[in-house]
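Subject: Structure handover

Hello,

Here is the structure I promised to pass on. Please open it first, then read my notes below.

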Amino acid sequence: MDILFKSSSNFASLSLKDLVEARDLFHYHLMNKKNVVATALGLYRIRKSDPWPSKHEDATRKRSPESERRTLFNSEVRPYSWPCIYVFVSNWEYEKDLAKTNPSDVVPKTLYLPDGRTVPVCVIEARKQQLSKDLKIKLDGRTPRNLLAPGSAIINEDGQGMTRLATAGCVVRDSERYFVMTNRHVVGEPGTEISALQTHRRPKIGVSAKKGLGRQDFRTIYPNFASTNQRLLMDVGLVELDNILQWKTEFPGIAPIGPVLDLYDNSFSLKLITMKVIGQSAVTGTIRGEIHGLFYRYKAMGGSEYISDFLIGPETYGIDKERLKTEEDAEARNPAENISLGVHHGDSGTALFIEHVEKTDSEDTKAVKKISYYPFALLWGKEEFFEDGESLSQPYALATSLSTALDHLDLDFVRDINLDQDFIWGWVGHYIIGRSLPLSADLVTSQKLQGFLDNNLDLLALTPDAALGNDPRVLEKDDDEVHFVPLADVPDNVWKSNVNFIMVEGPDGKKQRKVGPGSRGQNDNPNHFADLDLPYENGETFLALNQSAPDTYLNPKAWIDYFAEIEPQYDAWAQLLDPNADLRNKHWGALPFRVHQLFDIMVKAARDGDAAMFLCAGGVLIHYMGDACQPLHTSYLSQGDPAKVVPRPRSSKMKLEADGVHVGYEDDMIAYGYQQKNLGAELAQRITDLAAEPMPPITDGYEASKAVIALISATQRDIAPRDIVDKWVELIGKPAKEKAAAMWDDFGDRTITCMARGTRYLAKIWQAAWEQGNGDANIQAAAAITEAAIMALYNDPDKMPSVALDRYPDDRNSDWSHGKCRHRALPSCWQRTDITPP
């Protein structure tokens, strides 16, 4: 009977959660065994010298009681390795010797849980190494002059009488500032000056920030794992940078870089074990290793156990096997000495990457392997000991999960400074609206137009991927190709100079901007917004007047008069932020007139049978209609209440109290909705739900501009800009993810309605322009249009020209499709010697 119910030795079904639970139950028992110094979780390590099991042989066969010691380097994980608990011992002793002196010192091979589960134990020797052996590299030889980048040496010379050296791990940012992430034990107290250590100088790079992470309760970080009095040592510190443009953000020798590996209690996996690790440090240079264990539990103090996320050890096999030959030869010469991971003083803070070889169908063994790198951890060093007058360290290093640190500090990892731009209405929103355009079947009544849309939808917009990582850029780092951008985001991604650029090294070695093809500088900026909700006449807002009396107010001259009237108020607000600010004309929005112009261009293109031009004008129109259904794009509160300013942290300058609200609402909240709340599907359904909502007639460009005013009015009726700003202020100090969720809870559903309404207005404008230009007769639904043809059009500044408010035509009934726009005399209040008309 005992045989029938004996626990199985097949451990493959054990999960990481099972191991965490078993270790939590038995850790104190294991730590009281002779020579035991630590425990970790992983996959059973089998000595490289052990034969592989034959077809009929059990992989769990019993071994000789005097088998050679097991180390991280002389053992490996094989396909049949099972989940287990690692027990690290300071010296290898054979079972028969331990049994002679004290049988209770023998480490058990298996742990038995109360519910019948069994967990294997793998004993590994981790003999301490002389620390002096680690200090073989001269720092001066590894720090080239003028290099400020991840991997650079940074120092704190105010470390209580000693100089503390570390590695600049990576560049990160919050909504306001850029930081270098490294170890907290190096950067010291907030406000401490931190310098770079270069060959002949020590330039100040910034000061240590208030944000940082030290010891955290393990259950707080990983609530779904069992924990009894456990502390996670994270050791994450930040240096607030004085000048981000002095820094390169790429990692020398490590490219291409993928997104941060998102690890938390439900995504941590034993599949991480044996993954290859690489990092670029200040002292060692290139660090190569392997993930050997998870949740390394290394010391006890005051009743608490201390844990590190990762145990990083030497490679046991690698992509380049020749790289290990030196270590294997050294082990053969001296089998009693452990091969250790080559990290040194000053490497603390290094960002570590998973080195992932992409799978290929090629059978050519000599073919070049495609390798990608995924940031996942921050190195915080080795355990160090001082025994018998000698400095010692363990042969492996410890590291903190990068995604956990970023999440708890509310920071973003900066892969490339050129990718680190905040977008208007978030590219996600524009593309979702573009992809939804054909869904308004009741408005796109022409079958030919519907076919034309379906055939060219990929030229209009893309579908954001689940990670929101496929936003195309005109230029990309280390890539000479000019990339196609779908039309829905061309007005941001191509035409705006603060988006369409990359940072390159100038002749003086400093960073400078390289603007991409198609950029229109700031010429198109006013066409994206319109501050219409300020009182103007008889207590009515200018928006209300444009809706009730469009023939009087919906024209460029009336708008210029309005902005001239409110200019003193804008000047007063600007002075609150910066006494030297000149924000003249920056509030001059022209959004409805841009739609009028594009409508006329579409009509002319349909009339001329120019399918590419019709598609191009209608494609960029997606963007402006998306702006019109975003509440903050048409409000003086677009960046927050301009009358409410607060001091910037550690600066004499001021900022708006609601600083960040624009991006927080239209970018972060929309991203949250897309990833967490099924925004795409909800939008499709809402477009159908709004079919009964009345819409204004559209037969010409002027009526298209009136429709934009109606859309803006309905949007602000559904979501008052003031409510968004007030909610954002209420959330100040909350983590970014919590803010996004809270904003969605308050505004998500109404935002879907606004986007659905904007999509329907867009569809009606497309149908109207198609009809007015007789598109059914002049344009074929299957017309072949290429990316190259579309790029040629949107890169030409004379096609769909971006003009300022005072250059749109006076006559609302004239054809606005031509590129010649007049320059209008400005009101007398603008005739000042220190002002040049736009």
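The largest nonpolar core has 124 residues. Those with the most contacts inside it are Phe452, Trp559, Phe614, Trp766, Ile790, Tyr794 and Met800. Helix H21 (residues 736-772) gives the largest share of this core, 16 residues. A second, separate core has 90 residues, among them Ala40, Met234, Leu270 and Leu398.

Some ground rules. This is a predicted model: local features need pLDDT of at least 70, side-chain atom pairs count only at pLDDT 80 or more, and totals for chains, interfaces and linings use all residues. Residues are numbered from 1 along each chain as its sequence is written, and side-chain values use heavy atoms, with hydrogens and water left out.

Now the terms used above. A nonpolar core is a set of buried Ala, Val, Leu, Ile, Met, Phe, Trp, Tyr and Cys residues joined through side-chain atoms within 4.5 Å. Buried means under 20% relative accessible area, exposed over 50%, partly exposed in between (1.4 Å probe, protein chains only). Helices are DSSP runs (H or I, at least four residues), numbered from the N terminus.

Back to Trp766. It is buried, with a relative accessible area of 0%. Beyond its neighbours within four places in sequence, Trp766 is in contact (heavy atoms within 4.5 Å) with residues including Leu437, Phe452, Met602, Phe614 and Leu621. Phe614 is also buried, at 0% relative accessibility.

Next, the aromatics. The structure holds 39 aromatic pairs. Rings of Phe, Tyr and Trp (its six-membered ring) pair if their centres lie within 6.5 Å; planes under 30 degrees apart count as stacked, over 60 as edge-to-face and the rest as tilted. Phe614 and Trp766 form an edge-to-face pair, because their ring centres are 5.5 Å apart and their planes are at 85 degrees. This pair links distant parts of the chain: Phe614 is in helix H16 (residues 611-628), Trp766 is in H21, and 152 residues separate them. Ring pairs also join Tyr536, Phe542, Tyr553, Trp559, Tyr562, Phe563, Phe593, Tyr808 and Trp816 into a cluster.

The charged end of Arg520 is 3.8 Å from the ring centre of Trp495. Arg812 lies over the face of Tyr702, 4.7 Å from the ring centre.

Last, helix H17 (residues 661-676). H17 bends by about 25 degrees at Met669, the bend being the angle between axes fitted to the seven residues ending there and the seven starting there. Met669 is one of the buried residues in H17. Just after H17, Asn678 takes a positive phi of about 60 degrees.

Best wishes

Methods: Helix = DSSP H or I, 4+ residues; strand = E, 2+ residues; numbered from the N terminus. Lys NZ or Arg CZ within 6 Å of the ring centre and 35° of its normal.
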